Amino acid sequence: MSQREKVQIMNADEMRRVITRIAHEILERNAGTDDLVIIGIRRRGVPLARRIAEKIKEIEGTSVPFGTLDITLYRDDLSQLDYHPLVRKTEVPFSITKKRVILVDDVLFTGRTARAALDALVDLGRPEFIQLAVLIDRGHRELPIRADFVGKNVPTSRREVINVNLQEVDGEDKVTIAEKGT
């Protein structure tokens with residue numbers, strides 16, 4: 001399916017400012033870094049989570065444990081996929097039991113990715129609570145899930161796609177809206 005880029009909604013500077021704001025909001029809501037851990041959902045949630053963790057360290061002078069979560073086997077559409085999904089490694093080198101987990105992803109859409117991530121996290125332990133941080137919330141929820149920290153709310157149609165490009169994955173930082181092709 002092809003896409004036609006319509007508009008850029010965030011550039012590298014705007015993304016940097018949003019990550020700084022989210023880091024401050026996380027620190028404020030959690031009264032610091034005690035028992036705080038940050039876990040990014042593979043793929044683009046991982047570099048975003050790393051950036052938030054680095055910003056928190058810059059602000060507080062304290063490192064926050066960082067992990068990566070692969071949700072492939074927790075997806076509710078696995079049986080409907082016509083390709084063999086690539087399962088990557090979950091790397092959470094610390095206990096999440098009784099921790100305040102900040103789960104990070106790039107785009108919140110239907111809520112199904114977040115639901116799969118919650119299932120995967122609960123298999124790792126019993127956190128005190130889980131908060132969700134996303135760069136973009138585009139609406140169209142199919143499940144009763146909302147983000148605690150949102151970089152930008154972007155109302156979209158179902159024919160539109162949000163593309164998040166990150167330096168670590170794509171060689172540049174930007175967020176665009178594209179129209180789905182036919």
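The model described here is a predicted one. Its strands include an open antiparallel sheet of three, in the order S1-S8-S7, and an open parallel sheet of five, in the order S3-S2-S4-S5-S6.

**The three-stranded antiparallel sheet**

- In the sheet ordered S1-S8-S7, the edge positions are taken by S1 and S7, each of which has a single partner strand, so one side of each is left without a neighbour in the sheet.
- On average, neighbouring strands of this sheet are turned by 30° against each other when direction is ignored.
- Helix H1 packs on this sheet and touches S1, S7 and S8, with a direction that makes about 55° with that of S1.

**The five-stranded parallel sheet**

- In the order S3-S2-S4-S5-S6, strand S3 (66-69) and strand S6 (149-153) stand at the edges with a single partner strand each, so that one side of each has no neighbour in the sheet.
- The twist from one strand to the next averages 25° in this sheet.
- Strand S2 (residues 36-41) pairs with S3 in the parallel sense over four bridges, and Gly-40 stands opposite Thr-68 in S3.
- Helix H1 (residues 12-29) packs on this sheet as well, touching S2, strand S4 (100-108), strand S5 (129-137) and S6, and its direction makes about 150° with that of S6.

**Nonpolar cores**

- The largest nonpolar core has 30 residues, and those with the most contacts inside it are Ile-38, Ile-52, Ile-56, Leu-135, Ile-136, Ile-162 and Val-175.
- Two or more residues of this core come from each of strand S1 (3-10), H1, S2, H2, S4, S5, strand S7 (160-165) and strand S8 (174-180), and the largest share, seven residues, is given by H1.
- Ile-136, when residues up to four places away in sequence are not counted, touches Ile-9, Met-10, Asp-106, Val-107, Leu-108, Lys-152, Val-154, Ile-162 and Val-175.
- A second, separate core of 20 residues includes Leu-69, Val-101, Leu-121 and Val-150.

**Arg-51 in helix H2**

- Arg-51 is found in helix H2 (residues 45-60), and it counts as buried because its relative accessibility is 15%, below the 20% limit for that class.
- Its side chain makes a polar contact of 2.6 Å with the side chain of Glu-168.
- Beyond its neighbours within four places in sequence, Arg-51 is in contact with Met-15, Ile-19, Leu-166, Gln-167, Glu-168 and Asp-173.

**Asp-148 between S5 and S6**

- Asp-148 is placed in the loop between S5 and S6, and it counts as partly exposed because its relative accessibility is 21%.
- A polar atom of the Asp-148 side chain lies 2.8 Å from the backbone nitrogen of Leu-132, and Leu-132 is one of the residues in contact with Asp-148 once neighbours within four places in sequence are left aside, together with Arg-29, Ile-130 and Gln-131.
- Asp-148 and Ile-22 are 126 residues apart in sequence, whereas their C-alpha atoms are 9.7 Å apart in space.

**The annotated segment 101-113**

- An unreviewed UniProt entry places the feature "short sequence motif: PRPP-binding" at residues 101-113.
- In the model, the chain over residues 101-113 is 15% helix and 62% strand, and its end C-alpha atoms are 16 Å apart.

Terms used: Residues are numbered from 1 along each chain as its sequence is written. This is a predicted model: local features need pLDDT of at least 70, side-chain atom pairs count only at pLDDT 80 or more; totals for chains, interfaces and linings use all residues. Side-chain values use heavy atoms; hydrogens and water are left out. UniProt positions are given in the numbering used here, feature names are shortened, and annotations may be inferred rather than shown by experiment. Buried means under 20% relative accessible area, exposed over 50%, partly exposed in between (1.4 Å probe, protein chains only). A polar contact is a pair of N or O atoms within 3.5 Å; within protein, one must be able to donate a hydrogen and the other to accept it, and residues adjacent in sequence count only if both atoms are side-chain atoms. Contact means heavy atoms within 4.5 Å. Two strands pair if DSSP finds at least two bridges between them. Axes are lines fitted to C-alpha atoms, for helices over the stretch in contact, and angles run from 0 to 180 degrees between N-to-C directions. A nonpolar core is a set of buried Ala, Val, Leu, Ile, Met, Phe, Trp, Tyr and Cys residues joined through side-chain atoms within 4.5 Å.
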